[in-house]
Amino acid sequence: MTLNKINAVMMKAALLDVNQPVEVKEIELPEPGDREVRIKVLAAALNHRDVWMQKGMYPGTKENIVTGSDGCGIIDAVGDGVDQGFKGKKAVINPSLNWGDDERAQGAEFKILGNPDQGTLAEYIVVPFENVHPVPDHLDASEAAALPLAGLTAYRALMTRAGITKDDRVLINGIGGGVALIGMQMALAWESEVHVTSSSPEKREKALQMGAASAIDYRDEGWGKKASKDLGGFDVILDGASGPGFNELLDALNPGGRIAIYGRTAGPLPELQSAKIFYKQASILGSTMGSSAEFIGMLDLV
């Protein structure tokens, strides 16, 4: 070990090792570079992304890296090009790095905080200054830390890609997941009529208590056609499952409707009934994370 290493300031961090328990170890305290800030983490959040990486099921996963995409904390050091006045400010981190100049889609340099770059499950983290934002006043550190990845994903999928309006009847598929839950809250705040699906009676009941107009058990055979008949169908559907139940979503979709897909927790799409897509003039919209402008828009909505 070199003298510099011996004298290095250390911090605790949770390191990812695929198919092994996450271990808390001591690693060197990072220093901010040009246009970067170091944040003393007050709270960090877990996502299902972290689970997929730990299981070795997430593309491009690097081992022995600090995991975690979401965090909130206090700016404690700034690099060159950043005003010293930002030290001591409370900030929430946008985990969408290097989106690029095209709002339509992320660029070739895009990546998500927490792999391959060091993530938030540590005492300190260094991030680009452009990726830190003031915390909404009514949120504490834990609430703010749980917001970024799921909130940004839901915001882009619903607001940008699907373009929901107050007149849309919205279905949130698989309520209980992080993106689905914040998506429901966003659609309700947008004053859309919101419905949900879940296989869990407890989650369906909780969604109704939070303002959902109805809650459907997606295990019921033919629920899509029944929802179309009994509830009037849906203009916008938010889906993170994909999988064999996707054709039920097509049955539940109204003519001219939009399905925004952000994940595939139930597996790949089945053989699609293409006639339903073109006859209904349906739009199937892929969506991943979001741009800096959308992160700001998400915080404004919150």
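**Local contacts and overall architecture of the predicted chain**

The side chains of His195 and Ser214 form a polar contact of 2.6 Å, a polar contact being a pair of N or O atoms within 3.5 Å in which, within protein, one atom must be able to donate a hydrogen and the other to accept it, residues adjacent in sequence counting only if both atoms are side-chain atoms. The structure is a predicted model, in which local features need pLDDT of at least 70 and side-chain atom pairs count only at pLDDT 80 or more, while totals for chains, interfaces and linings use all residues. Residues are numbered from 1 along each chain as its sequence is written, and side-chain values use heavy atoms, with hydrogens and water left out.

His195 is part of strand 12, where helices (H or I, at least four residues) and strands (E, at least two) are DSSP runs numbered from the N terminus. With a relative accessible area of 3%, His195 is buried; buried denotes under 20% relative accessible area, exposed over 50%, and partly exposed in between (1.4 Å probe, protein chains only). Contact is defined as heavy atoms within 4.5 Å. When residues up to four places away in sequence are not counted, His195 touches Arg169, Val170, Leu171, Ile172, Ala213, Ser214, Leu231 and Phe234. Of these residues, Val170 is 25 residues from His195 in sequence, with a C-alpha to C-alpha separation of 6.1 Å.

The loop between strand 12 (193-197) and helix 6 (201-210) contains Ser198, which is buried at a relative accessible area of 4%. The side chain of Ser198 reaches the backbone nitrogen of Ser200 at 3.0 Å. Beyond its neighbours within four places in sequence, Ser198 is in contact with Ile175, Lys203, Arg204, Ile216, Asp217 and Tyr218. Ala212 occupies the loop between helix 6 and strand 13 (214-216) and is likewise buried, its relative accessible area being 8%. Contacts of Ala212, with neighbours within four places in sequence left aside, are made with Met184, Val194, Val196 and Ala207. The C-alpha atoms of Ala212 and Val170 are separated by 9.8 Å, the two residues being 42 residues apart along the chain.

Asp168 is located in the loop between helix 4 and strand 11 (169-172) and counts as buried at 8% relative accessibility. Two polar contacts involve its side chain: Asp168 reaches the backbone nitrogen of Thr165 at 2.8 Å, and the side chains of Asp168 and Arg258 are joined at 2.9 Å. Between the C-alpha atoms of Asp168 and Lys229, 61 residues apart along the chain, the separation is 17 Å.

Backbone geometry was also examined. The peptide bond from Asn115 to Pro116 is cis, with omega near 15 degrees. Pro116 lies in the loop between strand 8 (111-112) and strand 9 (124-128), and Asn115 is placed in the loop between strand 8 and strand 9. Asn115, a residue other than glycine, has a positive phi, near 155 degrees, and is buried at 5% relative accessibility. A positive phi, near 55 degrees, is found for Ser242, also a residue other than glycine. Ser242 belongs to the loop between strand 14 (234-239) and helix 8 (246-252) and is buried, with a relative accessible area of 9%.

In helix 10 (residues 292-301), the buried residues are Glu294, Phe295, Gly297, Met298 and Leu299. The cover over the buried residues of helix 10 includes strand 6 (90-93), strand 10 (132-134), helix 4 (148-161) and helix 5 (178-189).

In total, the chain has ten helices and 16 strands. Its radius of gyration is 21 Å, close to the 19 Å that the globule rule gives for 302 residues, so the chain is as compact as a globular protein of that length; the radius is taken over C-alpha atoms, and the rule is 2.2 Å times the number of residues to the power 0.38. The C-alpha atoms fill a box of roughly 70 × 40 × 35 Å along the principal axes. Buried residues account for 48% of the 302 residues. Of the contacts between residues at least 6 apart in sequence, 68% join residues at least 24 apart.
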